Amino acid sequence: MFSLKTLRTGVLISLWFVFLTFPLMVIKVDPLERIIQWRWKNALLVGIGTFLIYLVVQYLNYRKEHQPPAKVEDTKDQVSFIHKFIADPIQRKLLFGGLLVIAAIFPFVVSTYQTNIMITALMYVVLGLGLNIVVGMAGLLDLGFVAFYAVGAYSYALLNHHFGLGFWEVLPIGGGLAAIAGILLGFPVLRLRGDYLAIVTLGFGEIIRLVLENWSEFSKGPSGISNISRPGFLGMELSLEGSILYMYYIMIAFMIFTIFVVNRLQDSRLGRAWIALREDEIACQAMGIDKQKTKLAAFSLGAFWAGLMGVIFAAKTTFINPASFTFLESAIILSIVVLGGMGSIVGVIIGALVLILLPEYLRALSEYRMLAFGAILVAMMIFRPQGMIATVRRTYRFQKK
Amino acid sequence: MSNPILQVSGLTMDFGGIRALNKLDLDVHAGEIVALIGPNGAGKTTFFNCVTGIYTPTAGDVLMTRPGDKKPISLKGLKPNYVTQKGLARTFQNIRLFSKMTVLENVMIGRHCRTKAFILGAVLRNASTRREEQQIAEMSYSLLEKVKLADLANELAENLSYGAQRRLEIARALATEPHLLLLDEPAAGMNPQETQALIELIREISSDGQAILLIEHDMKLVMALSDRIYVMDYGKKIAEGNPEQIRTNPEVIKAYLGEDVDA
Ligand SMILES: Nc1ncnc2c1ncn2[C@@H]1O[C@H](COP(=O)(O)OP(=O)(O)O)[C@@H](O)[C@H]1O
Ligand SMILES: [Mg+2]
C-alpha cells in the first residue's frame, strides 16, 4: 500500500516541517533567566505528527483512487443531505419552524456573553450572504468587501456623532452610501476580470482603510470614534443586557430578511443573467444582456448589505476605528462563502457559524487558535474543495398548462 | 423598393497588419435568405463580429432599417447588447451555450432584452413580475417546440448532442425577437438527416417573415435555401448573385468551389 518512495517523501516532508516550525516549537527564549531553552522533544513530536498525518492523507488518497468506479446514481447522491432534506416542503417548514423557536429562546438559556458571540456570528452570516451575491451568484471576485462595511460603520458613527441621528434613521443611509460607493467603484473596475478585479478591489479596500486612518479631521484617525449610540427601543434607553438582547433579535430579523431576498434574487430574471454572465460574457452580450449594468447590480447589492452590517457593527460595539476594517476581515468573509459552499445559502450560513464560532470555542487552545484555524482551512481545501455544502442550483421548472 | 434591413458598406477590419475585411458591401432585404460563403479564413465570422458589435470595424458603416422605420440607424460601434436590442441576433460558429443552465433557461436568457424586471421586481415578485416570468417561460417553451427540443427542456445544455446544441442556439437567438437572424455555420458537425431537418427549420423561420443571413460550408444547404449568395475570399467580396449565377461563376469556382472539385 505504501511504497518505499511515498515513505521517503513522508520523511522528507516531516523533516521540512520540523525545520519550518523550529523557531516556534523548539526555541524558547526565557527573558528572565536570559537563557534559551531548546525543546527538542517538540521537534520530535512535530516530526512524528506530520509523518502520521501524511500517512493518513496518503491512505485516504489511495482509497479514493482504488474505489470501484462511481455508480451512475452517485451524481444524485452528491446533492448534500441538507438540500435534499429541505427540498420537501413539510420537512422544510418543520426545520425552519424548529430553528426559529431555538433562535427565539436562545438568549434566555445562555449567558449574555454567548448571546454577544452569536450576534457577531449572525452578522457574519449576513455579510457572507451579501458577498455571496457578488462572488457566488455573479462570479465577481471581490477582495475589498470590507471597504463597504467600513462605509456603513463610519456613516453611522459620524452622523451619530455630529448630528445625533439615530440607528434606524442611519440604517438605510449607511446601506445607501455603501451601495453608491459600490457603483462608483464598480464603474471603472468591472471591466476587469478574475484576478485583476480581485487585485483592484483589494487595493480599494486598503485605500479606504488608509484614508480613515490618516484623514484625522474627518474620521479621527486611528483613535477612532467612541460613544456611538446603541439602537433605542421605541425611544427608550435600554440597559446593556437589554440592548444586547434587542440587537440579537434585530440580527435574527435581518438574517431572515436577507435569506428571503437572496432566495428571490436567485430565481429571477436578474439571477439568471448573473449565472449566464458567469458562464460566457460574449454570448450574454450577444443575447442582449447589458454586462455593465448586470454586474453593477450585483456589486452594489453586495455593498448595500455590507453597509447595513457596518451600521449594525458600529451600533453594537459603540466604538469603531480603522483597525476593524483590515484585509483580514474581507478574507474571513470570503472564506465563509468559499468554505460554506459558493452560491449555497445554507452553506454560507453554516460556513459563517463554523468559522466564527469555532475560533471562539477554540480559545481553550489559546495561542494555537490561529494555527488550528489555518489547518482546518487547508484540510477543507484538500478534502472538500466544493465547500461544506455543495451547491445545487435550482433550475427553472416549466409546467405546461 | 424600401431600404434593406441590413446595409453594410465599405466594411473594413484590420487586426494589426492583417486586413481581415476589405471594403465589403452587403445588403439583406426583408424576408430574404442570404448566404455568405468563402474558404476558411476568408473573414466571414469577422464580418458577423463587426456587424454585431463584438468588434468595432476599422472603417465602413453598418446601417439597419427596422420594419416601419423611415430612416436607417447606424449599428457601427454599438455594444453587442444594443445591437441585439435593435433587432439583430446571431448564433456562434463555436457553440456558446450556457452549458450549466437548462435548455429552457438558455432560451429564457434570450428574452432578457425584451423584459424589464430588475432588483425590486425580483425581491417583491409582484403581479407584473410574475406575469412577465410566466410569459418568458411560455414563449421560450414554444420556441423549443419550434426547434424540436421541448422534450429536453429541463436537461442541462451541455448534455445535448451537437446538432441539438446548434438548434438550441437558434432558439435562443429567436427569443430576442430579431428582425434579422445571423447564423454562423449552423450545419457544421451535423449528419445528413440533421442537416435536412435544419433546412426545413430555416425555411419555417423564413416563412414567418424573418430575414436570415447565414454563413455555411454545406453547399447543398446553401443552394437549397438562399435567395442570394455573397462569396468572399481574403476579406474581399469576389462574387454576388443567385445560386445559379454563383454555381457558374468562374471566379468562385477558382477560389472556392474549385477546392471541392479537386479534392
Ligand atoms: N481577434 C482576432 N485577432 C487577430 N486576427 C483575427 C481575429 N479574428 C479573426 N482573425 C483573422 O481574420 C481572418 C478571418 O478569420 P474568420 O473571420 O474567422 O474566417 P472565417 O470565419 O471566414 O473562416 C483570419 O486570418 C483570422 O486569423
Ligand atoms: Mg468562421
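This is a predicted model: local features need pLDDT of at least 70, side-chain atom pairs count only at pLDDT 80 or more; totals for chains, interfaces and linings use all residues.
Reader: Thanks! What makes D208(B) and K146(B) a salt bridge?

Author: The test asks for a side-chain nitrogen of Lys or Arg within 4 Å of a carboxyl oxygen of Asp or Glu. In this pair the closest N and O atoms are 2.5 Å apart. That distance lies within the cut-off, so the pair qualifies as a salt bridge. The count between domain 1 of chain B and domain 2 of chain B is 1 salt bridge, and there are also 3 residue pairs in polar contact.

Reader: Which element gives the most to the side of domain 1 of chain B that touches domain 2 of chain B?

Author: That is α7(B), with 4 residues. The elements giving two or more residues to this side are α2 (80-86) and α7 (192-207) of chain B. By class, the side has 3 nonpolar, 4 polar and 3 charged residues.

Reader: How do you know how much area domain 1 of chain B and domain 2 of chain B bury between them?

Author: Buried area is the accessible area lost when two parts are put together, summed over both. For these two domains of chain B it comes to about 620 Å², with 51% of it on carbon and sulfur atoms. On the domain 1 side, Q85(B), L201(B) and E204(B) supply 47% of the area buried against domain 2, more than any other three residues.

Note on methods
Residues are numbered from 1 along each chain as its sequence is written. Chains are lettered from A and ligands numbered from 1 in the order in which they are written. Side-chain values use heavy atoms; hydrogens and water are left out. Buried area is the accessible area (1.4 Å probe) that two parts lose on being put together, summed over both. A polar contact is a pair of N or O atoms within 3.5 Å; within protein, one must be able to donate a hydrogen and the other to accept it, and residues adjacent in sequence count only if both atoms are side-chain atoms. Ala, Val, Leu, Ile, Met, Phe, Trp, Tyr, Cys and Pro count as nonpolar, Asp, Glu, Lys and Arg as charged, and the others, Gly among them, as polar.
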